[in-house]
Structures are given as structure tokens and as C-alpha cells.
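Subject: Structure for your attention

Dear colleague,

Please find below the structure that I am handing over to you.

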Amino acid sequence: MTQAHVAPFFDAATFTVSYVVHDGAGGRAALIDPVLDYDAKSGRTATRSAQRLVDFVRENDLVVDWILETHAHADHLSAAAWLKEQLGGRIAIGARIDQVQRVFKPVFNLEPDFATDGSQFDHLFADDEEFRIGGLTGRALFVPGHTPADMAYLIGDALFVGDTIFMPDVGTARCDFPGGDAATLYRSVQKLYQLPDATRVFVCHDYLPASRSEVRWESSIAEQKATNIHLAASTTEAEFVALRQARDATLEMPVLILPSIQINVRAGAMPPAASNGKRYLQIPLDVL
Ligand SMILES: [Fe+2]
């Protein structure tokens with residue numbers, strides 16, 4: 001089996017880890033969960049974070065086959081659309097993104113012809129669907145719970161878990177967004193825990209707990225099952241649901257949830273221009 005080469009890129013502004021996964025220099029690649037910089041104070045976007053992925057792809061002479069989103073992120077804007085312009089590739093997400101689009105279209109009063117069938121994406125993955133990245137075989141896995149549409153991607157022996165589990169000393173993703181559910185996340189993580197112990201696990205965020213001074217993003221299924229502080233192999237569904245719901249009740253909305261969702265349900269595209277030619281994001285009052 002061809003070894004998956006994994007290059008991580010940490011975005012300190014949103015604690016997001018984006019990845020370039022490839023089958024060797026001169027070969028084929030997938031980009032996972034790329035970040036578009038957004039300054040909430042000025043409403044300005046920028047591509048510094050995503051440019052690092054472009055530079056890596058060019059330095060390693062890679063051809064991008066896929067731009068993979070694990071879900072419609074609520075904490076950062078996706079750079080998928082910009083990266084597709086720079087590097088090509090097909091933007092893909094889980095097939096259940098239509099559920100997320102149906103929830104948020106009325107929240108943001110999106111234009112009447114905004115489609116809620118996922119057609120803004122180039123490809124929608126079914127559960128267990130296989131895909132190729134040159135010599136690598138990928139498998140898309142439904143892992144709902146954080147949102148109804150979350151995906152994990154198993155590429156070679158590297159598992160990209162999105163927002164399901166985080167590093168073992170951080171735990172798990174929140175389950176209180178629309179369509180989120182702690183029991184559903186528990187079952188999704190059980191599915192991941194069936195994978196071989198040596199499977200490398202790459203997280204989408206690292207929030208740097210007080211007990212640690214450096215950012216980390218890689219663990220293994222064995223390490224997660226033994227030491228995940230929210231959901232180890234020995235944790236029951238009832239224990240996890242009680243812990244997750246109690247913790248979620250204390251969390252504020254992510255700082256960038258309103259701008260992020262509006263862009264990310266469009267596969268990273270900007271909203272259509274208003275009558276004055278400018279583009280606007282909506283801030284719904286007293287809705288979330
Ligand atoms: Fe998320």
C-alpha cells in the first residue's frame with residue numbers, strides 16, 4: 001500500500017489544522033479543511049493561510065485531485081473555492097450537507113434560488129464511498145453528531161477525523177449546533193474505534209489545553225481509545241451524553257459562526273453581489 005504523506009498547516013487564528021495529503025512528490029494530492037482568513041473587525045478576507053498550501057503543492061510538484069471538507073465549519077471560512085481557482089481539484093463534502101443547507105437557508109434568508117441539494121459542491125460522498133488520490137485509496141465515512149453531515153476521511157493509514165474527537169487531552173467536539181446530537185457522535189466515534197489501533201488520527205483543531213504548551217494534531221486509534229478524556233473505549237454512551245450535554249450548556253457560540261456558515265454552505269464561495277455590486281454577510285438578530 002502506498003504510504004499517505006501528510007503535511008499539516010496550523011492556523012493560529014482559528015486553531016484549525018488543514019492538511020495536504022499526497023502520494024509522494026510529483027504525485028497527486030488532496031487538500032483537507034483549508035482556511036480563508038477573515039478579520040471580523042473589518043470584514044476583510046485574505047488568503048495568507050491558504051497560500052501556504054498553494055506553496056507546498058507547487059514546491060512538491062503535486063496535482064490536486066480533491067479539496068475535501070469534513071463538514072460546514074462554524075469557526076472558520078473555507079478557502080476551498082479560492083484554492084480550486086489556484087490549483088484545480090474537485091470540492092467534496094458529505095452527502096448530508098443538504099440537511100445543513102435546509103437549516104441555514106432560512107436562518108440567513110439566503111437568495112430564493114440558493115439550492116439546498118449540495119449542488120454547490122463538485123462531489124457529495126456517500127457513506128463508505130471509495131475515492132483515489134493517485135496511488136492512495138481513500139474512504140469517506142459518515143460520522144454525524146457534531147453536525148448531521150460530518151465526514152471522516154481514511155486515506156491509506158491516515159484518518160482525518162474532522163470535528164469528532166480532538167487530541168486525547170482535549171476530548172470531543174460539541175454537539176449543540178442545529179442537527180447535532182451527542183448520542184449520534186458517540187456512535188460515530190465507535191465506528192472510528194473499530195479501525196486498526198495503529199491508524200494515524202489527524203484532528204481538525206487543537207485548542208491547546210492548559211496542561212500543554214505546544215500544538216499537536218496527530219495521535220492514533222490506540223491512543224484515543226486508551227486516553228481520550230471524553231470518550232475512551234471504556235466510556236458508555238450514557239456517560240458520554242451526560243458529559244457532552246453538560247459541557248455544551250456552558251459554551252458560547254464560536255466567534256465566526258455567522259460569517260463561516262454563510263460561506264461554507266456555498267462550498268467556500270462568496271455570496272452573490274447586492275444591487276450596488278458589493279457582497280454582504282447577514283447577521284440575524286436573536287436567531288442563534
Ligand atoms: Fe466544526
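The notes below cover a pair of helices and then the salt bridges.

This is a predicted model, in which local features need pLDDT of at least 70 and side-chain atom pairs count only at pLDDT 80 or more, while totals for chains, interfaces and linings use all residues. Residues are numbered from 1 along each chain as its sequence is written, and side-chain values use heavy atoms, with hydrogens and water left out.

**Two packed helices**

Two packed helices are described by the angle between their axes and the distance between the axes. Helix H4 (residues 182-193) packs against helix H6 (residues 237-248) at an angle of about 130°, and their axes are 9 Å apart. Helices here are DSSP runs of H or I with at least four residues, strands are runs of E with at least two, and both are numbered from the N terminus. Axes are lines fitted to C-alpha atoms, for helices over the stretch in contact, and angles run from 0 to 180 degrees between N-to-C directions. H4 and H6 are therefore oblique to each other; angles under 35 degrees count as roughly parallel, over 145 as roughly antiparallel, 65 to 115 as roughly perpendicular and the rest as oblique.

On the H4 side, the contact (heavy atoms within 4.5 Å) is made by Ala 182, Ala 183, Leu 185, Tyr 186 and Arg 187, and on the H6 side by Glu 237, Phe 240, Val 241 and Arg 244.

**Salt bridges**

The whole structure holds 15 salt bridges, each being a side-chain nitrogen of Lys or Arg within 4 Å of a carboxyl oxygen of Asp or Glu.

One of them joins Asp 65 to Arg 28, with the closest N and O atoms 2.7 Å apart. Asp 65 lies in strand S6 (residues 63-68) and Arg 28 in strand S3 (residues 28-32), so this pair links distant parts of the chain, 37 residues apart. Asp 65 is buried at 17% relative accessibility, whereas Arg 28 is partly exposed at 34%. Buried means under 20% relative accessible area, exposed over 50%, and partly exposed in between (1.4 Å probe, protein chains only).

A salt bridge also forms between Arg 200 and Asp 157, at 2.9 Å between the closest N and O atoms. Arg 200 is buried, with a relative accessible area of 17%, and Asp 157 is partly exposed at 23%.

Yours sincerely
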